[in-house]
Amino acid sequence: MQVRPKKGRAAPFFMGLLRFLVVAVTTYLGLLAVTFFIGRVIPIDPALAIAGDHAPQQILERLRREMHLDEPLYLQFYYYLVSALSGDFGTSVLTTNPVMDDIRRVFPATMELATVGTIIGAIFGVPFGVLAAVRRNSFIDQIVRVIGLVGYSVPVFWLAMVSLVIFYAKLNWVAYPGRIDIAYEYTFTPITGFFLLDSALQGQWDVFWDVFRHIILPASLLGYFSLAYISRMTRSFMLNELGQEYIVAARAKGLSETRVIWGHALRSAAVPLITVIALSYAGLLEGSVLTEIVFSWPGIGFYITSSLRNADMNAVLGGTIVVGTVFIGINLISDLLYRTLDPRTRRK
Amino acid sequence: MMMTKMNRGFRALSAGVALSLLLMAAPNAYAATPKDTLVEGFAFDDILSMDPAEAYELSAAEITGNTYSLLVRLDIDDTSKIKGDLAESWSVSDDHLTYTFKLKPGLKFASGNPITAEDVAWSFERVVKLNKSPAFILTQFGLTGDNVTEKAKATDANTFTFTVDKPYAPSFVLNCLTATVAEVVDKKLVLQHVKPATPTADYKYDNDFGNSWLKTGFAGSGPFKLREWRANEAVVLERNDNYYGEKAKLNRVIYRFMKESSAQRLALENGDIDIARNLSPTDLQAVEKNAQLASTSAPKGTIYYMSLNQKNANLAKPEVQQAFKYLVDYDAIGKTLIKGIGEIHQTFEPKGMLGSLDENPFKLDVAKAKELLAKAGLPNGFSITMDVRSIEPDTGIATAIQQTLGQAGIKVEIIPGDGKQKLTKYRARNHDIYFGNWGPDYWDPHSNADTFTTNDDNSDTSSNKTLVWRNTWTTPELEKLAKAALFEGDAAKRGAMYQDIQKKFLEASPFIILYQQTEVAGYRKDVKDFKLGPSFDNNFVWPISK
């Protein structure tokens, strides 16, 4: 879903934006349609989900009428579209709150996890990629590649469980799954919804430490997966830069190797890297579902899956749309950043 | 030159990794829950509402059972008896139609409001008028939206009278009043939160009786107050200092949502939770071996069964039904798959219920089953599908049964799926064989006798979707006997009548009842007086201390 002008073709800023908007709107409608129809195709009766196992027939029928389930599918989609476009995703069956309220509560949890994950991924991924590029085909390069390969191929839930067994059960270095210990859960009042930030702002360092002990393992895990992607991309950008003439010129001028690599080459590679990191951030935001489940992380992935399990379709649709919006939004931002930072994408 | 620089970079990097590892390993106090708080790991993803008029799920029953009071309760030491809760005494008129309850003096809700007979009457009224899933437990006594204020009313501040439409066995009526649907809500408090509703043909009232608020709100008078319920995250209870009975020992009880048995065991071993409620046989054994931990168990009303849809011509043959009963290796299942979490039980009234029958006549007997199949004209067996929820121990048991059925030539294809998905299919009568469980709706033998025998309309559009209806079976003779048992005033005679029905049911029915669930829990040894009750609404947490 990444929109980027073809190389070498002039794309005036607003044209790009316009095209982006068209794609975004189409994607939106597609997203709405697909989630809606999948929701109707799964063999679960949403009325039964609300009423429970023992509900008498007349209650089920009343619910079906109230939920428009007795009307044709296209009409149901129309009703859904109208309320969704007006920002009303209905009420969650499971939590009985408006879906938007629920999302406002769970989304910061996911964002905090993804943010810390991305920071870890970038802090390690960029230097790893640089090292691998500079010492191409060396032992270090091989190691970075293997790390990347493992990050790509190992199932996240498996790694999550193994790491839980090691770091929580055996070593007891990190805290039990969840976001915060119950000892703090009812004494600590979040402000922004980002617990690390909130506890630091309030100077509650014991809470901060507790939150840190909760977030470090799932975030490291997510960081590892984005590290795999970031280091591989960094490596190829760096290889590309290191072959350029200005690098040869810089070396000829007698600049130290450190300055050539970290000062010149990496600086040029930084522009596409921003896109890579932003995309990897968006990927973590939507792709952390399994991690959230294994670590009982009360974020949006956890929310959507438990809603799905309970046939709580309003919540599933609302959650999916929010995740989609964030994904499209981050794409837009990284795309705009890319254009602003790299003049080549604007010039012929 | 370059090499040294890079090595330096690499060194810095490894130092960073080492530092972050050190950070994680920094001194960390042994995880333990606060002294005044009990933390239970519990899979409560079935909760849909906390409103007693609507809540009908096992986990919700446990929460409301600890936070609301009833007129009468089951005596958990002898579940064939009941005892007063809010009611100090009660009497039944000679014609078995009118029940009069006297409330204890000086009762208060958690809010501080006094509890009066008016609150009881209004609680009945809202149940009947809202008419949610569990409402039938009260409406089966002839209550309707039009007559409820007359039939369930406060005659004075301390007296509540309840009039039923037929001379039912008093044990039946009183047992139904122990169900969570009869929990008493704080009228004054709820009225502050009612929302207007538009009257329709289905719902004639102009307000919601506080239902949308009570879904997550609280207006009770039990030993604990509900502070918060966050779906699939946590349920938080706090001590109710206005409780009239023995006060709870702990300040707070937190149910943490944990789905997996292994995760619960881990958290229990590490002291992050005090009680683990959903342990598999393997994890239970590990808990029992751990010196810091202990376990407890109690038989529950839930029974597991396999049923044969009579729409399938092969399954409709009586010999085939009999053959199925001989093609289950009950002993092996009892010794392995349900070890510690269930007990072989082949009749529909659970152990502990009035009229329960402790007879398990069936054993694995392939030769006999083959004989029966040959008699049915199916000497080489047949192929069939079985719907099973994809959770343990269900799938394990289904696979075991698949294997023993195969020995007689019955080829079973197992269709696994999510609980709600299976239920949709089951209630549409589209299955061949269904494997699942059933718990009584209220603690009275009629609940199960009704669902296992009554099918007054076998059409697809029937409004009474009992288990026999779901399997397209009718048994008019047993149905008649079950109805008669409702009016037997002598509890002992009444129990004998249900035993008789079950004996006949064992002889011929398309139900293969396998076992009764034993609920187990692992707990840390510092937890005192923790006991599981016979049903979920009496898994009390108020006696617990640590």
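Author: A nonpolar patch on the surface is formed by A:Phe157, A:Trp158, A:Met161, A:Val162, A:Val165, A:Ile166, A:Leu171, A:Leu290 and A:Ile293, which together have about 730 Å² of accessible area. Patches consist of residues with over 30% relative accessible area and no salt bridge; like charges are joined within 9 Å, and nonpolar side chains (Val, Leu, Ile, Met, Phe, Trp, Tyr) within 5 Å. A salt bridge is a side-chain nitrogen of Lys or Arg within 4 Å of a carboxyl oxygen of Asp or Glu. Accessible areas come from the Shrake-Rupley method with a 1.4 Å probe, and for residues only the protein chains shown count as cover.

This is a predicted model, in which local features need pLDDT of at least 70 and side-chain atom pairs count only at pLDDT 80 or more, while totals for chains, interfaces and linings use all residues. Residues are numbered from 1 along each chain as its sequence is written, chains are lettered from A and ligands numbered from 1 in the order in which they are written, and side-chain values use heavy atoms, with hydrogens and water left out.

Helix H7 (156-170) and helix H13 (289-294) of chain A each supply at least two residues of the patch; the largest share, 6 residues, comes from H7(A). Helices (H or I, at least four residues) and strands (E, at least two) are DSSP runs, numbered from the N terminus. A:Ile166 lies in helix H7 of chain A and is partly exposed, at 38% relative accessible area (buried is under 20%, exposed over 50%, partly exposed in between; 1.4 Å probe, protein chains only).

In chain B, 4 strands form an open antiparallel sheet in the order E4-E5-E7-E6. Strands E4 (87-92) and E6 (152-156) of chain B each have a single partner strand, so one side of each lacks a neighbour in the sheet. Strands pair if DSSP finds at least two bridges between them. E4(B) and E5(B) are joined by 5 bridges, and B:Ser89 stands opposite B:Lys102 in E5(B). B:Lys102 also stands opposite B:Thr159 in E7(B). E4(B) and E5(B) form a hairpin with 5 residues between them, and B:His96 in the turn has a positive phi of about 60°.

Most residues other than glycine have a negative phi. A:Asn137 has a positive phi, near 65°; this residue lies in the loop between helices H5 (99-134) and H6 (139-153) of chain A and is exposed at 54% relative accessibility. Phi of B:Thr472 is positive too, near 60°, but B:Thr472 is buried, at 15% relative accessible area.
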